[in-house]
Each structure stands twice: as C-alpha cells, then as structure tokens.
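Hello,

Here is the structure I promised to pass on. Have a look at it first, and my notes follow below.

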Amino acid sequence: MNAATESPMNDTTRLDERFATLRAEKRPALVTYVTAGDPDFETSLEILEGLPAAGADVIELGMPFSDPMADGPAIQKATLRALEGGQTMARTLELVHAFRQRESQTPLVLMGYYNPIYRYGVERFLEDAARAGVDGLIVVDLPPEHDDELCLPAKRHGIAFIRLATPTTDAKRLPRVLDNASGFLYCVSMNGVTGGREPVVQDVERMVGQLRERSRLPVAVGFGIRNAAQAAAIGRFSDAVVVGSALVEAIDSAETRHGAVQAVHGLVRELAAGVRRGADT
Amino acid sequence: MTDLSMQPDAHGMFGRFGGRFVPETLMPLINELQAEYDTARQDSEFQRQLAYFQRDYVGRPSPLYFAERLTEHFGGARIYLKREELNHTGAHKINNCIGQILLAKRMGKTRIIAETGAGMHGVATATVAARFGMSCVVYMGAADIERQQPNVFRMKLLGAEVIPVTTGTGTLKDAMNEALRDWVTNVDDTFYIIGTVAGPHPYPAMVRDFQAVIGRETRAQILEMEGRLPDSLVACIGGGSNAMGLFHPFLADESVEMIGVEAGGKGIDTGMHAASLSGGAPGVLHGNRTYLLQGEDGQIIDAHSISAGLDYPGIGPEHAWLHEQGRVEYVSITDDEALAAFQCCCRQEGIIPALESAHALAEVAKRAPTLPRDHLMVVNLSGRGDKDMISGAQHLGENFQ
C-alpha cells in the first residue's frame, strides 16, 4: 500500500512540489533550520511564521534532545534554551500544527535524534506528525542499517525520510544510503558537527556531482554554511542550501524576543538574496 | 534455549538491544572496524601479541585471592577476590585498551581519543597510546576532573591531552558526546577507544571479548583452588565492562549465579542515582539501544553516584538483554553502603578498593552472611582506590577516625 492510497487527503508532496517549482525558476532552495521552542514556544512560532515571507523555501525544525552528539556548540545551546523553556516532543508537534494553520505550501521537515521519537512511540509519533503537517524527517542517528525502526514506517505514513550522505560515504556504501531515501538528499559538506568550519566548495561540488549520478532526488548541502556569499557559491551547483547554526546564533545574541525574531528574519532575507543571486551569475 | 554466550547477531543486536545508532559519517568506519576485528580475532599473530602484552605489560594473570578475613568477618560464603586492581594502571580497563590499540595499529590510525569518568579508562588509554607512540586526547567531564585530580595528572604525565567537558553536568555522558563529536570530525586518522561494553556495534562485543580474560582466568583458577565452579559472581556496573568480562565465560553454566551491582547513589527513590536497569527505561543513546535514565519526553537524566566511574545514565546493551532474559540479577547499592564497604575492605584485607568496586563489596556484605560456608563467591575487585583518596576523605569527613 502506498501513501497516496493510505491517506488521500494528506498533502504528501509539498517537498516534491516545492522542488519542482524551484527547478522551473532555475534557482536552489533555501532551507532554514531553527530549533523548536528556541528560545520559547511563542517566539519560536513567530519565527517560523515569518520564515516563508523572509525567503525560506523549506523549513527544518529541530526536535530538542539533551544529548545532540552530531551538533556543534550553537545548536547545543539552542537545544538547551528550548528544553529550559519547557519544549517537549508534544509541544514540537503542536508548534508544527500551529504553523500549518496559516501556511500550507512551505514544506517542513523535523530534524533530530531517535530517542525522543522512540520514547514518544514510533507509531504514535508518525500519526501525530502526519496530522500536524510534517513532510519529512532527518534523524541523525538512524543509518540505513536501522531502516525498520523509522524510515520504512514513516513512508507508510506519507512522511519522507531524508538521508544524509557524507564525505565518508564512498561508492561502495552510497547505494545503501540511497536505497530508501526520499524527499531530498542531504549532502553533509564535511566530516564534523553542525556549525563547523567553512566547507571547501570544490570538494562539495564533487560530492554533489557523485550523488547526482546515482540519484534523481534533489540534493541539499548543509553544515558550515553561514552567509549569503557561501550560500550563493554552493547554490550554483546544488538544489538546496541549508543554514542552521548561523540562525540559532542570531537568536542567542539577540537581547529581546522581538530582537531574535527580527534577527532571524533579517538573516534569512540576506541568505535568500544570496541563493537567488548565485543562480543569476 | 538461546545460547546466551553466542550474542550479538550479525547486526550487533542482543535481542532488541545494541545496534549501530550512529551518524552516517561514522558508519563506514564502524563497518571497517567490525571487519578488522573479525579478521584479527582469527589471526594467531594478533592473538600472540595480545597475550604477550597481557602477560608482560599488564601483568596477567591477575591473582584470584581467597579473602580469608572478609570471609570470617561476614561469617558465611567463602569470598574470593579477582585482583584486577593489581593490573598495570590499577584497574581492569587496560585489558580492553591493549586490545583496541593493537587494532588501531592494524588499521593504520595515528590518533587515539577516549572518554573517561573516574579517569581509570583515560589513564589506561593514555598508557597504551604512549607505549605505541600515538597521540592521545581524553575527554573528561569538568566535574569529574575536579574529583579525580590524581588521574588527571597521570594522564598528562603520560602525554595525553585532557580536555574538560563543561556541557551538560560535566560527567561521563557529556565526555562521551564530546568524544563522538571529535570522532565525526577526525574520522580519517582517529581511533576511538571506548572504555566500556557500550557504544555502536562492534564495541559492546569487542570490549567484552577483551575483558573476558577476567572470567576465563577466574574459571581456571577456581577449578584449580576449589575443584569446582563458583556458586556466585558479583561485580559492579557503570557501563558494565568488568562485570561482562567476569560473567561472559560463565553464562552457559546454569549453576553459577551472577549479580550485577548498579550505583544506587542517594537511593533509587530519590532520583539521584545511576541505576539504569533498576530506575530507567529502554532508549537509544551513544550508538546503542539499552536501558537509560530518561524522562517521559526521552531527555536523558543525569546520573548520580559517589563513584565517578559508575556515574553514567546507561548500561551496556548485553546487560540490558541479560536482565530481560533473567540470567543475571541486577541490584543497586547506595553511596553510603559503598563507603562502608570501602572502609571494611581496607581494614579487613589491607586492600584499598576503588569506590566502584566497593559497590560490589557492599553487595557481598549483604549476601555473604546469609549463605552457607561452602558457597563460593567471586567478587571482581575491578580497581584500586588510590584515585579516591580525596573524594573518600571528603565524604568520610569528621566521622573518619
């Protein structure tokens, strides 16, 4: 049984539609990451609601976890702020639901670690996530070896499972990574944690090229991309550019909640201009 | 019946526990490590080197010592101590480190990283890194650095860089997060020597195999001394490597009772403890599924124990499985009970045990008096207590005389 027959009313193709539209416009997507509930639920919702207008094409929303072992200091701090602000998995799904009341076009993917999902209950999580309007999942600590846990059940609920390909993913391993991938491919620009050093553009271009040879899925590039110039450079040869740590740092350094909202939206506008400018040159 | 000693399966699962829950960046390396380990364990030259270092460098076999005075003191079971504290560097940790660094060398790695709680694994890792001429970085929680100063100095003296971890509560779990971040970043030249029977497959099985020398020796020694197998085995458990090493060679012997002792901290009902089986629930952390201290929302709860080496919110996946199979009995011992046993062992046997091992001794104090005099009980004295002088003195304080 495929997703379309299982839940015909559920719009499961927001990701496909968005990438198709952008392909027609001949420009890459800007994917923006913020952590759910950072710094608190209300501010987080305000940030989310303004993202599409500021130029985000796809929204990545972090599910806070106490032990984010693939994240650098910026997202670690964002996670702590969210947890201290009372964020939970239930509140994260509530946040998505609230966002979907006003915004039906922009795809939203949840990103995080497996334990909070496992603890919530995989089936219950997928039902609630589909109902809230989640389009995809990125779960850092679920490699293809554990597809039975969440990847395959997610597909049955019409939720894409976005796979990460990294510099260590060699030709021998790549088919395994692509096997049950859906939505888009997330090309990790370097070996390391989020918010690390600046990626080497030529290396990333070669990786993206290798992924394109083997897959028709759109390729997004993330890790270490902080500003409009980098976004423009990477966007020239990829389908999407992901920015996260720089956005949560803007929340961190803002003095007021209103300031945090303004800072994130301001940076997203710059980045959006960057990916559009990159496409024009 | 399942053969309890033939785990895990090809996917690294002990029943529903274990696995390889790691970021994609690490998967190729983990698969490579597994292949290398599978080859090495069949390789007679690797086994010869391992045996050589265990004998001439670590000082194995460690004695199985009849604790006559403790036996008299408790007035019941005949108590034997497996003297792992006599190993080079003062604990069982080096058994595993020797094995892993030989693998690192085979794989052409040049840089070693490790996490440490009490510092015993950090010291053992720094030691083998020095011996094999590799650079070494040890991640250690800031709170643990505070309470284990002598070990911090030892690691530095051995040429390791000790990096304080201030995230979370600054204990072992946070040190492991930081080590994993380092590994993901430096995956090309770096070998991560995990110190316990946890982490992604093949670590839980590999560390167990390197530690199983404890149980194999114990088996031969007790047969030699008593002409029969022991009736019970007792060992403390943080991640559970000394316990797994002692238990594993006896798993198929149904007559041998096994007791794993978790750190009960200030008591399970206070929430201030490190007893993942007694007070936790299944979850996924640090590459494996196992019992974890966690809240309703799946956020990990910080462990508490007087002993830095047991202060971890998880437990090796094989223990989680043996717990559910009912093969091993898991109990907990409080900080105060451990401190009492710590002093008792010093006074009765002239042996200063690590606070970790004192948890096992405290369980012996509860059980031994109720058992017949022909009951043979082996306790893993997993480490020596020299590192605990400062924290021991703090806790015993004015009551000490």
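How many bridges join strand β5 of chain B to β8(B)? Please keep in mind that this is a predicted model. There are three bridges between β5 (residues 111-116) and β8(B), and these strands run parallel. Within this pairing, B:R111 stands opposite B:T190 in β8(B).

Both strands belong to an open sheet of four strands in chain B, with the order β7-β6-β5-β8 and parallel pairing. β7 (161-165) and β8 (190-192) are at the edges with a single partner strand each, so one side of each has no neighbour in the sheet. On average, neighbouring strands of this sheet are turned by 25° against each other, direction ignored.

As for annotation, an unreviewed UniProt entry places "domain: Tryptophan synthase beta chain-like PALP" on residues 59-383 of chain B. That span is 41% helix and 21% strand, and its end C-alpha atoms lie 14 Å apart.

Now the aromatic rings: the whole structure has 15 aromatic pairs over all chains. One of them is the tilted pair A:Y114 and A:Y118, with 5.6 Å centre to centre and 55° between the planes. Both residues lie in helix α6 (residues 114-120) of chain A, four residues apart. Another, B:W183 with B:Y203, is edge-to-face at 6.2 Å and 80°. This pair links helix α8 (residues 172-185) to helix α9 (residues 203-211) of chain B, and both of its residues are buried.

Finally, B:Y52, B:F53, B:Y57 and B:F132 form one aromatic cluster. B:R131 lies over the face of B:F132, 5.2 Å from the ring centre, while the charged end of B:R78 sits over the ring of B:F66 at 4.2 Å from its centre.

Best wishes

Methods. Residues numbered from 1 in each chain as written. Chains lettered and ligands numbered in written order. Predicted model: local features only at pLDDT ≥ 70, side-chain atom pairs only at ≥ 80, totals over all residues. Heavy atoms only, no water. UniProt positions renumbered as here; feature names shortened; annotations may be inferred. Helix = DSSP H or I, 4+ residues; strand = E, 2+ residues; numbered from the N terminus. Pairing = 2+ DSSP bridges. Axes fitted to C-alpha atoms, helices over the stretch in contact; angles between N-to-C directions. Phe/Tyr/Trp six-rings, centres within 6.5 Å; stacked < 30°, edge-to-face > 60°. Buried < 20%, exposed > 50% of the residue type's maximum accessible area, 1.4 Å probe, protein only. Lys NZ or Arg CZ within 6 Å of the ring centre and 35° of its normal.
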